[in-house]
Amino acid sequence: MSPHETTAGWAEEAVREHAGSPHPSREEQVLERIARARARKPRIREERITLSHGAGGKATHTLIEAVFLEAFRNPLLEPLEDGASLVTAAGRLAFTTDSFVVSPLFFPGGDIGDLAVNGTVNDLAMCGARPLYLSAGFILEEGFPVADLQRIAASMARAAEAAGVQIVTGDTKVVQRGKADGCYVTTAGVGMLERDVVLSAAAARPGDAVLVSGPIGDHGITVMLARGELDISADVVSDTASLHGIAADLLDAAGDGVRLLRDATRGGVATICNEVAVASGVAVVLEEKALPVRPVVNGAAELLGIDPLYVACEGRFVAVVAPEQVAAALAALRAHPLGEGAVRIGTVGEDPPGLVLLRTAFGGTRIVDLLVGDPLPRIC
Amino acid sequence: MRYVDEYRDGDKARALATAIAASCEPGRRYSFMEICGGHTHTIYKHGLEDHLPEAITLVHGPGCPVCVIPMGRVDDAIALAEQPDVILTSFGDMLRVPGGRGSFLDSKAAGADIRMVYSPLDALKVARNNPEKRVVFMAIGFETTTPSTAMTILRAEAEGIENFSVFCNHVRVVPAITAILDSPDLRLDGFVGPGHVSTVIGCEPYEFIARDHGMPLVCSGFEPLDILSSIHGLLQQFADGRCEVENEYARVVPWAGNPKALAVIDEVMEVRETFEWRGLGWIPDSAMRLRPEYARFDAEQIFGVPGVRVADPPACQCGEVLRGAIKPWECKVFGTACTPETPIGTCMVSSEGACAAYYNFGRFSRSRVKEATAP
């Protein structure tokens, strides 16, 4: 057993405890009042969209639930998973879409093109589907260099080939100079759900293990530094990659022990854990010492005052796995080139429901909440 | 990470925690105020209170640069941003601070050109790159950041950049501490003293606290082990019957401060007779403004700032939180009407604000979780 498999063991014990004194203190009463306030239906208070609404944190969740879910409400949309699962005569299909506005368009390790393909492929893979077909929509700004567009298209073609998908339909719009920032790409994708598994953020149970497929935060930090606004340079490249292969290997090895898969894009690992805690009504307890963060990413994040737990990856995912399948799951992940750094980072517990706790390396405990505001806009 | 991880070591923390527990006089309770918001942030982010015995209470102080900005100054800055051809530049922390009529973020969404920068030099770069615009830097912060604002003004002068100005909100830490010491509703035993501020002003300005008020102060670094050893230092003073200013952060803080930085501040700025602090009211000699010689870089002189006065919302108890009179969760609106998404008070906005730190990191029942998460 590797050290990483054991580090979160304390948490398993921890979360079995369900203390809760019969006479809550004044502070505890306040905390209960806050928990009730947070459970209320979100209401959008702002009169205009701010950058926070796109950050993947609390404001994004409120926007989705108060505007889009309110308008489109249906049973397929309601679970708010990475993609919808459709039942057809031909079998079960997964269907998803994603838009890309990253700035700069080209960065070490990738560009908006492979990001757009991998992002949608990964959303399908996280549903447990085999990705098949993609669409691609382009919004281009007047004056955008054709050579850059060709470079983006070539990169999309390479990524599609690597992922075994075809881009079979598309659309192009051009807007006046100044009305867009060069090039935005939207992709949608369909895949076949061939396995008899249901992956859902609501499926986590106490005792489950939380795994991550490799070092976190590489993509977000790379893009941030590539903007050149900070006069910091670091030897780090984006982790953008298609995850369908490693996800399939994991599902083959750990079968129905896999509760859910989520790629750790906008909002990072912290946001996924919060989604799981709320959707499943459980606590997620993370171990800071077990978090895989490259020293260079850690250093840059420290300088920027950003917590790597919230920094986007484009080729890493979180898996929640039943305790008896943890060893098999980790072995399968580590056997794949994209999962060599896979580790267990925490455990699902019962109490307090809806919260993510972090046991710090320093020996304390704190909450890991959804992020408010956007420390790194336009990262994908 | 070198120079960081060694100050976050769990084993060393446990050893210090044992020493701290042993240094407490049985039956006695201690209240220590950490002045800096950076310390408050560290305390919650690393779960430092898990290492402290019940006898020690940490009281969060006023040293959060964003938290002390009154609503009127936010409105004034928005009024600047709404003037023709103005780009307002600001640290990211300020963007969500509510003024009387919304925040910078709201104003930006409504069309004002407000940009986030990481330093005043970045703001100067914006001015250099946009010669047809008038670029205003929203300068905030204690003596830690004042020298960089002053340096930037000197740089603008040297380069002949005329479209750059500063909306100066720099504040001074000692008058704020004096206001705390004069506050009737507070009983403290000592201070975890400022860290980065002291790199500029040194430790000498705090000596009156020990001498005249009989309270020890230990200047502390910002890593969690720094804070634990500063608390240990305070307890040692009680055990030895001493009452002094000590410097735990000697690796960064020179006793006499940084004379060059102080000279740069003095060259460009002078002390204001009085300045309004969020929740603390008007405090004499508590802030800086540009000297008349640099009026052409002073946004308050160039634009005629409206000088808005906005009373704090009646429900908001930021003042009591900033004075350490109440804990964040004791505020009437904490966590229900006032949250990081919809802050009423400034303490809920900045990552260094006590309310935000408690809400984001400490909002769980320690008694329920403490035993549960013990290794």
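**Briefing on the predicted model**

Arg366(A) is buried, with a relative accessible area of 1%, where buried means under 20% relative accessible area, exposed over 50% and partly exposed in between, using a 1.4 Å probe and protein chains only. This is a predicted model, in which local features need pLDDT of at least 70 and side-chain atom pairs count only at pLDDT 80 or more, while totals for chains, interfaces and linings use all residues. Residues are numbered from 1 along each chain as its sequence is written, chains are lettered from A and ligands numbered from 1 in the order in which they are written, and side-chain values use heavy atoms, with hydrogens and water left out.

**Salt bridges**

- Side chains of opposite charge can pair when their charged atoms come close.
- A salt bridge is taken here as a side-chain nitrogen of Lys or Arg within 4 Å of a carboxyl oxygen of Asp or Glu, and by this rule there are 38 salt bridges over all chains.
- The side chain of Arg366(A) meets that of Asp307(A) in a salt bridge, at 3.2 Å from N to O.
- This pair links distant parts of the chain, 59 residues apart, with Arg366(A) in strand S14 (residues 365-367) of chain A and Asp307(A) in the loop between H10 and strand S11 (317-321) of chain A; helices (H or I, at least four residues) and strands (E, at least two) are DSSP runs, numbered from the N terminus.
- Asp307(A) counts as buried too, at 16% relative accessibility.
- Arg195(A) and Asp252(A) form another salt bridge, and their closest N and O atoms are 2.7 Å apart.
- Because Arg195(A) lies in the loop between strand S7 (183-193) and strand S8 (209-212) of chain A, and Asp252(A) in helix H8 (residues 244-254) of chain A, the pair ties together parts that are 57 residues apart in sequence.
- Arg195(A) is partly exposed at 25% relative accessibility, whereas Asp252(A) is exposed at 56%.

**Charged pairs between chains**

- Arg8(B) forms a salt bridge with Glu302(A), with the closest N and O atoms 2.7 Å apart.
- Arg8(B) lies in the segment before helix H1 (10-23) of chain B and Glu302(A) in helix H10 (residues 295-304) of chain A, so the pair joins two chains.
- Arg8(B) counts as buried at 17% relative accessibility, while Glu302(A) is partly exposed, with a relative accessible area of 33%.
- A network of salt bridges links Arg38(A), Lys58(A), Asp369(A), Glu341(B) and Arg363(B).

**Nonpolar core**

- A nonpolar core is a set of buried Ala, Val, Leu, Ile, Met, Phe, Trp, Tyr and Cys residues joined through side-chain atoms within 4.5 Å.
- The largest nonpolar core has 110 residues, of which Phe104(B), Phe164(B), Phe191(B), Tyr206(B) and Phe334(B) touch the most other members.
- Leaving aside residues up to four places away in sequence, Tyr206(B) touches several residues, including Val173(B), Ile177(B), Pro194(B), Leu217(B) and Val245(B), where contact means heavy atoms within 4.5 Å.

**Cysteines**

- One disulfide is found over all chains, a disulfide being a pair of cysteine sulfur atoms within 2.5 Å.
- The disulfide is formed by Cys64(B) and Cys67(B), whose sulfur atoms are 2.3 Å apart; the link is right-handed, with 70 degrees about the S-S bond, and both residues are buried.
- Cys273(A), buried at 2% relative accessibility, has its closest cysteine sulfur in Cys313(A), 12 Å away and too far for a bond.
- Cys24(B), buried at 12% relative accessibility, has its closest cysteine sulfur in Cys243(B), 17 Å away and too far for a bond.
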